[in-house]
Every structure is written in structure tokens, then in C-alpha cells.
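Reader: Could you walk me through this one with me? I'd like the cut-offs spelled out as we go.
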Protein chains: 2
Amino acid sequence: MAKPITIKDIAEKLNVSIATVSRALRGSSEIKKETKMAVLEMAKEMDYHPNLLASSLSSKKSKIIGVVVPTINRYFWSNSISGIENIAYKEGYKVMIFQSGESFNKEVEIVETLANSRVDGIIISFSKETKDFNHVHQVIERGIPVVMLERTCKNMKASKVSTDDKNGAYTITKHLIEQGRKNIAYICGPLSLGGCKDRLKGYQEALKKAGLPFRKDYVVEVEDFRFEQAGQALEKLWDMTVKPDGILCFADILAIGTIHTAHNLGIKIPEQLSVAGFGDDETSRFISPAITTMAQPSFEMGELAAQIILEEIGLSGESCQIRTEIIKPEIIIREST
Amino acid sequence: MAKPITIKDIAEKLNVSIATVSRALRGSSEIKKETKMAVLEMAKEMDYHPNLLASSLSSKKSKIIGVVVPTINRYFWSNSISGIENIAYKEGYKVMIFQSGESFNKEVEIVETLANSRVDGIIISFSKETKDFNHVHQVIERGIPVVMLERTCKNMKASKVSTDDKNGAYTITKHLIEQGRKNIAYICGPLSLGGCKDRLKGYQEALKKAGLPFRKDYVVEVEDFRFEQAGQALEKLWDMTVKPDGILCFADILAIGTIHTAHNLGIKIPEQLSVAGFGDDETSRFISPAITTMAQPSFEMGELAAQIILEEIGLSGESCQIRTEIIKPEIIIREST
DNA sequence: CTGAAAGCGCTTACAG
DNA sequence: CTGAAAGCGCTTACAG
């Protein structure tokens, strides 16, 4: 492997200065057309490849947006990342994706790496373990724009894009009630997650408005968002003296798990039990019964987050207005309710 | 946002040289313990954060592995990425994830960016559009180790980790035959993808061995790996005079789509039609009927790819033996066959 | 064990 | 429009 070609090599061949080469390569306006052509041609001939590290180091711009999500393994996140990329690539930005694996320590490490790699901005969705937000606070202090996506926090000087959880949960709970359900349970993730708590509120509000009692033992928290866990939650609920006749799941993946276990227990859906999800999982449409869900526009949410961070990068710190975008999910009624 | 602290600032405060600070920070052996402690303490006090760009530029190591996959939105890939991360993080490497979106142009662009960002190695899974492999060839020439994962190509001086497609397809087709199926169809992606072609071979071989005829019109190619497309493929098959009684799907996602459409068409599974998948999708276990599949150990495949690239990075070009790892998938028999 | 100095490969005012 | 020069923030032989 030969030593890589640098602008110095090109400059020498062409008998011009490296400044000229640099300007030609970046399409600077202050350069003669012929010189530019000559440089470009020579660069191609010599198989030149710019060193982005050097370029970012001196220009103090990386044209990279860092994204950190709990996992890329779920539709909501992979799809919002596609939305982010869609906007970013159009503007000539690259997107670096990292997953925290729901680990606080890893999240801190990633954010630190991202900041130290001088990315131009960071879009973050917190891990479920994250209670302390000092790491992003610091990054913001260091002048790097941050946008919080979906899993946000309070009192941060950063824009956020998230779902209208309370309203969404209210709407879908109301739907279950309108289907004649009286004993509606709620299977969710850790209530320490803001989203889980907010949806709980909406759920409670809908019950209250309909004059239905709120039963604390109808709220089952699961540790992880996995099929199995929803199944266990259902088994627990099904052991109770008054079995639920409707279940609101925090995420589609939990609804799928619930339905699967319901099958095994011989529970008829939706006759005996209505099951509703929340999310934006394509899969929920293709299993049977197809799942009623509050669809979150994850792609568009990603796009919005990208737009905001691009704006903030453009302003480079000055007067940057913090935006809070609460996105309404949309109810999609299918066979499971 | 204040100007970031550099090693120069620390050096001045401590009245030592920047070389000393640098050595202390990186835990070099040739430094006095007290000096090191003093530097570390001061760094903390001044809230110092290293500039990774500068560090990589001068050390010519980035401690970053670039990964490019067609999409992160499918279980096989997101899970193999988790495997890659699992190994990489242990060795102090970060993983930068990029998706090509099955676009050749984007893939080329990403590979170029990765190389220009001087990542230490690249793990790549080709897009379905990729027929020309010059971009990775170039990267290898530039001295950057590349490992191909799952979607590989021939005649490349790079290690590869992929599935034993032919054998896997043979095994599962044989299983369908043993279930008494005589008219087995194959729904796959573009046959230009090596994997699709190799599984076709295994499928054909199993038919042949059982004395069953191969019908070309039983092979349906779909454009994208999406639920809908499998449904359309099934409809096409179901229009034929001799309807299939078994279907092998190239991917679990296609099997899910097939089963969904079968429901709509009133086809009983597995009585009328056996459906088998191929992949490693958790979901296939949780829909009903649960899907029989050839499970690929995606996580372990990612781990292996990471191990290989780490080795090659360690050898830094010299005498690097090219490895070809063909991983056997495992048949998991469930309700759909 | 520590420092002075060169270098990594670019960018960007400043002159001309 | 072009060049000389300083600088981005580190690392690393080379001396001592």
C-alpha cells in the first residue's frame, strides 16, 4: 500500500501552491477556471482522495451528524434514522449511527466520542437507564447542537421532537372503551421512561372520563421491549380474578407478543380480548389479527429532527431558538380491537 | 461556547511540554507517575476533551470500524451489527454504521467517505444493485482491511463471512418434501444476488434428488424484501393451474407476507400450503402460525466478521491471510410446515 | 523520564 | 486569481 496522495503531491506536479489545489478541490469561487480544471484532472489521474480528518480539523466542520439511539433493531428507530438520513444526505451531511443498547454507560461513552470527533450535531434518544443528563448538557455547553428525539428530558437547552404520548394513549384507550371494553389493562415499559408515564396518564384520563375505575394492578411494567415479556405480562393479567377484556400495549412489539401468548392460552382476539399497540411497526399490519395501533410517523419525525439540527448547525450557536415539537400519532383501526 | 481546552493549555498551566501531556493522557509507559497524575488531574479540572480528529490524523489510527449494510431495518442486519459491536467495543473500537439503502451510488459514496475518514477497517454487505466492486477494490488497494459480510462477491482480496445458502436451501426444501409436498415454489429476491441464486441451487438439488420436476414458473423474484411483494408473489402462484403446496421464501419477511396473504385468500397453513422462511427474524417465532425457518446466526456472524477485521487491522497489511467463512444455518421446525 | 521539533494533511485570512 | 505562512490539536522519533 503506497503512501496516499496529498494535495502537496498535486501541487508539486502542477507547480502551484497547495492553497490553490485546496481551493480548486473545494470548488472555491476565487479560482481561475483553467487552474481548477487542471487540478481536478490531475487529482483524478493521481487517484487522490482527500483526508477528511485533516479537512475537518482545520475547517472545524465535519459535515457529520451523530445519531444515538437505544437500538436500531426496532422499527421506530431504524425508520426515524432513515428519515434523518433522507434530509441530511440532501444537504451534504453524513449520518453516523450509534446504538447505546439501552445502557447509560455506553450512551455516555458514545456521546463523548461523538463530541470529541467534532461532529457538527447530535440527535439523541436516551437509553432507558439514563436518569442523569449531564453528558448531553456538557456537549451543549461545548457548543455542539443537540436535538432530542422521542426519548427526551426536561430542562435541557435543546430542541426536541417527540410523540404526543398522553393524547395518543387517551385516543386509543377511548377507542377500546367505545368497543365496549370495561377492564382495560396497560402493558408498558419502565415507568421511569417519560413516554410510558405520559401514556399512562392518557390511559387514566380516558378511563376517568368514561367513569371506569383505574386499577393499579392492571398496569404491568416490563423490563425490555421484547415479545416474551409481553407474553409474561399477559399471563399475569390472565391469572387475575377479573380478567381484562382490553389491553393497551406501549409498543407494537409488545402487542405482537401479547397476541402470540393469547393464541397459546386459547384467548380469542378480539372477541374475548381487544389488543391495541402503539408505534409504527410495519409488521403489526401483517400478522393476524392485524393490530390496531397509534401510528407514530417515525420517518417524518426523523426528518424533522434532522431539519432542526441542520438549522441549528447553520446558526452556529447564535440565538438558536429551542423548539419543542410534539407529534400527534394517528389511530389505525384494524382487526385486533 | 468557549474555545475548547487543548493539551497546550494543560501544558502551560503545569509548566511542562505538550509532549509530556500527550504521553500522560495516553498512559504511555515512559512517564513518571507523579507527572501523569498531575496531568490527569489538571485535565479533569480544566474539563479537557481530546480532539479525536487531531489524534487520528497524527497517529494514523482511528480505532473506528466502519460498517455498511443495505438497511438496518431488518433483523439479520441489525443483529449482526450488534455482534460486530460486541467484539469491537471489547477491543476499544467504535463502530460507525451506515446504510446504503440498497443503492449502489450511495454505497460507493459511503465507502469513499469511510476510507477518507481513515477508519481502520470496513465491514461491508453489498447493496442489491452492486455489480461493480471497484470501490472496495480501491479501498483494499489503499491498505484498508475489508471484510465482506453475507452479501459478498467473488475474486476480491478480502475475507468473507457468509451463509451456506445452497446447503441451507437444500435442507429446508428437503424438509418440505418430507412433509409430502410435491409442488414447491421459491419466492426470492433478485437472482442477481448471489444468495438468491445459491439458495435456488440448493432448492433445485433437493427437488432433483427427490425426483421432483423443477418448474421455472415456480420461481418468483421480487424486487424488494417487503411483505407486500411476497403477497403479490403468492397471488401469482395461486393463479396457476397447478397451485403449489409448499413455498420456500428467501427471507422470513417474505414468509410473513406470504402467510398474511394466504390468510386473506383463505388458504390454510400448513394444511393446504406449507411455508418456510430463511433468516433469523425473531418475529417469525411470534406470529401464527409460527414459521419454520433456516435460522442464520446473525449475531455470531457479526462477531466473526469483527474478529477477522480486528486481526487484519492488527497485522496492518502484512501477510494478511484471506479467510472465507461459510456459516451453516440451522433448521427450526415450527407450525407453518 | 522530559522537551524541542517536525509532521499529520488540510484550510484560510492576509498580501499582492 | 494565486502564494506564503500560520494554524487546526495532536503524536512521535530523536536527543538528552
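Reader: Which side chains does A:Lys94 meet in a salt bridge?
Author: In this predicted model, the side chain of A:Lys94 forms a salt bridge with that of B:Glu109, at 3.2 Å from N to O, where the term stands for a side-chain nitrogen of Lys or Arg within 4 Å of a carboxyl oxygen of Asp or Glu.
Reader: And how many salt bridges does the rule find across the interface of chain A and chain B?
Author: The rule finds six.
Reader: What about the area buried between them?
Author: About 5000 Å² is buried between chain A and chain B, with carbon and sulfur atoms giving 60% of it; buried area is the accessible area (1.4 Å probe) that two parts lose on being put together, summed over both. On the chain A side, A:His49, A:Leu53 and A:Phe286 supply 14% of what that chain buries against chain B, more than any other three residues.
Reader: Switching to DNA strand D, which residues are the closest?
Author: Of the 29 residues that surround DNA strand D, the closest are A:Thr20, A:Arg23, A:Thr35, B:Ser22 and B:Arg26, counting a residue as near if one of its heavy atoms lies within 4 Å.
Reader: What conventions apply?
Author: Residues are numbered from 1 along each chain as its sequence is written, and chains are lettered from A and ligands numbered from 1 in the order written. Local features need pLDDT of at least 70, side-chain atom pairs count only at pLDDT 80 or more, and totals for chains, interfaces and linings use all residues, while side-chain values use heavy atoms, with hydrogens and water left out.
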